[in-house]
Amino acid sequence: MPNTVENEEPYTLVDQVIDKVTDHIRHNGLEPGAALPSESSFALEAGVSRAVAREAFRSLSALRLIDVGNGRRARVAPADGSAIGRMIDHCVYTNQLSIQQIFDVRRTIELRTAALAAFRRTPAEADEISDIANNMRTSYAGTGDVMELDIAFHAAVARASRNPLFALLVSSFGPVTRQNWAIGWAARPTDAERMDSIDGHIIIAEAIRQGDAKAAERAMADHFDLTVRALLNAGII
């Protein structure tokens, strides 16, 4: 009897082509930007129609494993957090994950990224992190629009950790952050409370610049605790 798992999704012709493509990438040691054989080539190899191969390419593109563009060969895609971000967002809106659970994971990850960034950041990265934090203060005084700077700050810290997986995971939280950021910000009703949040980023940035891993980790913990309190006040968690 075949070895099957109860409730397992059936293995389709599209899955077969997907496996052919991923096997080709791995066996040939292809890196981001490398061109792939045509849909027709994979269709012929798998013994399926070109329409099936085209659907497989679309699925791989949606997962951000390959880049598919009009008029050129498909290429191996660089890693990004968009596919993971869509899944996290989906899980929140279908009540499979709570905002509190996401913050539990984020807090754990981002304390570590802050500590590693303090050890590993280049001078240019330290400047970038500090510039974003300072721009948050300037932007708040001007337009009050600091959400994208906030997201960029955490992404820059994660990149400076020199662990690509941390950078990938932190970037994947972007969609959920954008959905809930305004509510959490509104839960800080005074300028002083909002500036406390912005100043927390500046403290993190300075600890990273100074190479003080313990201070960076502590400042990131304080920042997340402040954010969680705001979300509690807003009734989000």
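**View 1. Contribution of α9 to the largest pocket.** With nine residues, α9 gives the most to the lining of the largest pocket in this predicted model. The pocket is an open set of points on a 1 Å grid over the protein atoms alone, where a 1.4 Å probe fits, with protein on both sides within 12 Å along at least five of seven lines, and lining residues have an atom within 4 Å of a point. Its space amounts to about 450 Å³. Among the 27 lining residues, Arg106, Asp150, Ile151, Thr177 and Trp181 lie nearest the centre of the largest pocket.

**View 2. Packing of α5 against α7.** The axes of α5 and α7, fitted as lines to C-alpha atoms over the stretch in contact, lie 7 Å apart at an angle of about 60 degrees. That angle makes α5 oblique to α7, a class left over once angles under 35 degrees (roughly parallel), over 145 (roughly antiparallel) and 65 to 115 (roughly perpendicular) are set aside. Angles run from 0 to 180 degrees between N-to-C directions.

**View 3. Domains of the protein chain.** The domain assignment, which is automatic or from a database, gives domain 1 (13-76) and domain 2 (81-234). The centres of domain 1 and domain 2, taken over C-alpha atoms, are separated by 36 Å. The protein chain holds 11 helices and two strands.

**Conventions.** Residues are numbered from 1 along each chain as its sequence is written, and side-chain values use heavy atoms, with hydrogens and water left out. Local features need pLDDT of at least 70 and side-chain atom pairs count only at pLDDT 80 or more, whereas totals for chains, interfaces and linings use all residues.

Technical notes. Grid points are joined across faces, edges and corners, and a volume is the space filled by probe spheres set on the points. Helices (H or I, at least four residues) and strands (E, at least two) are DSSP runs, numbered from the N terminus.
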